[in-house]
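Let's walk through this model together, one question at a time. Keep the viewer open while you read.

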Amino acid sequence: MGKHLIEPKDLSNDEVIELINIGNSIYANPADYSHVCNGKILASLFFEPSTRTKFSFDTAMIRLGGHIIGFADADTSSAKKGESLADTIRVMNFYSDIIVMRHPKEGAPKLASEYSDIPIINAGDGGHNHPTQTLTDLFTISRYKKTLNNHTIAFVGDLKYGRTVHSLIKTLAGFNSKKFILVSPLELSLPQFLIDYLKLNYPHIEIQIARYLEDVIHEADIIYMTRIQKERFFNEEDYLKLKNSFLLDKEKMKKAKNDAIVMHPLPRVNEISYEIDDDPRSVYFEQSKLGVYIRMALITKMLEVGDYAIS
Ligand code: NCD
């Protein structure tokens, strides 16, 4: 496994499966792992808001016996005074053993990795990638659907700016998905370069573009909902026009398969009605819980501790 995790393709399929296996083992026997990061420090640098990603990493490190330093608001760091990312990273190398960072600019974690001798984990860079959400999603799929292969997945919502979709779709393609159904308003379609990439590298995967979820929901094994990424819109008017475009409710769920699962990286805003939270097919809260275990697995692997200690 490479030193840093910047984009999903930094992990091979075998490495993804290995992390899922470690995640399952930690889930089953958390006490076995509660000291593997004793004395280690994770720096959590969030230049953009977060609830799940930041706190699931914090919890993951604490449950492994390690410590956390960092900031959840870049305005409290020297970035506010104009310090460059490169300088921040150089210094954090003296203070910590591993860095988790989220940044509004695409490519920032990649740049950071060029100045870092310790592992950098990308916790989301602009509309680009979010590899640890992808691991969370794959872990969830593997636990509910047993395999990562051969599914029909409906990606719904903001496919243009949503980094979770951009990361997940590339990775799932590598696990021989059967079909991707891309459900979004025209203005929020999956970027053409990604469609071209999928068609070129995975010509066997069927890609269908749909405007309305109710037309295609019956086909999906996995319904992956996403939030409209308001903060990445260039003008408020465009946002307001689209903000309520998609709402998954009881009526639509009647048409979904009995064994389908509904996922969402969260936060939800207007995409999933609260009335379906009790539907056994809704797994989005469980998904955020599973994120802790797969992040614990990732930290142990990247720090080479526990079973991965170099003797
Ligand atoms: C996502 C993100 O930050 O990209 N959230 C998360 O990490 N769980 C999705 C979103 O903000 O819509």
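Q: Which residues does isoleucine 89 touch, not counting residues up to four places away in sequence?
A: Contact here means heavy atoms within 4.5 Å. Leaving out residues up to four places away in sequence, isoleucine 89 touches Leu45, Ile99, Met101, Ala112, Tyr115, Ser116 and Ile120.

Q: What ground rules sit behind these numbers?
A: This is a predicted model, where local features need pLDDT of at least 70 and side-chain atom pairs count only at pLDDT 80 or more, while totals for chains, interfaces and linings use all residues. Residues are numbered from 1 along each chain as its sequence is written, and side-chain values use heavy atoms, with hydrogens and water left out.

Q: Is isoleucine 89 buried or exposed?
A: Its place is in helix H3 (residues 85–95); helices (H or I, at least four residues) and strands (E, at least two) are DSSP runs, numbered from the N terminus. Buried means under 20% relative accessible area, exposed over 50%, and partly exposed in between (1.4 Å probe, protein chains only). With a relative accessible area of 0%, isoleucine 89 is buried.

Q: How is the chain divided, and what separation do the centres have?
A: The bounds come from an automatic or database domain assignment, which gives domain 1 (8–130 + 289–302) and domain 2 (131–287). The contact between them takes 33 residues from domain 1 and 29 residues from domain 2. Taken over C-alpha atoms, the centres are separated by 25 Å.

Q: Which members of the largest nonpolar core touch the most other members?
A: A nonpolar core is a set of buried Ala, Val, Leu, Ile, Met, Phe, Trp, Tyr and Cys residues joined through side-chain atoms within 4.5 Å. The largest one has 57 residues, and the members touching the most others are Phe155, Phe180, Leu190 and Ile299.

Q: Which helix gives this core its largest share?
A: Both domain 1 and domain 2 supply at least three residues each to the core. The largest share, ten residues, comes from helix H11 (residues 284–303).

Q: What is phenylalanine 180 in contact with, leaving aside its neighbours within four places in sequence?
A: Phe180 is one of the core members that touch the most others. With neighbours within four places set aside, its contacts are Ile153, Phe155, Ile169, Leu172, Ala173, Leu198, Ile205, Glu206, Ile207 and Gln208.

Q: Why is helix H6 largely enclosed by the rest of the structure?
A: Helix H6 covers residues 163–173, and its buried residues include Arg163, His166 and Leu172. The helix is largely enclosed because, of its eleven residues, the number buried is ten.

Q: Which backbone atoms lie 2.8 Å and 3.0 Å from a polar side-chain atom of threonine 226?
A: Threonine 226 is found in the loop between strand S8 (222–225) and helix H9 (236–242), and counts as buried at 4% relative accessibility. A polar contact is a pair of N or O atoms within 3.5 Å; within protein, one must be able to donate a hydrogen and the other to accept it, and residues adjacent in sequence count only if both atoms are side-chain atoms. At 2.8 Å lies the backbone oxygen of valine 156, and at 3.0 Å the backbone nitrogen of aspartate 158.

Q: What separates the C-alpha atoms of serine 184 and serine 245?
A: Serine 184 sits in the loop between strand S6 (179–183) and helix H7 (192–201), buried with a relative accessible area of 2%. Along the chain, serine 184 and serine 245 are 61 residues apart, but their C-alpha atoms are separated by 8.4 Å.
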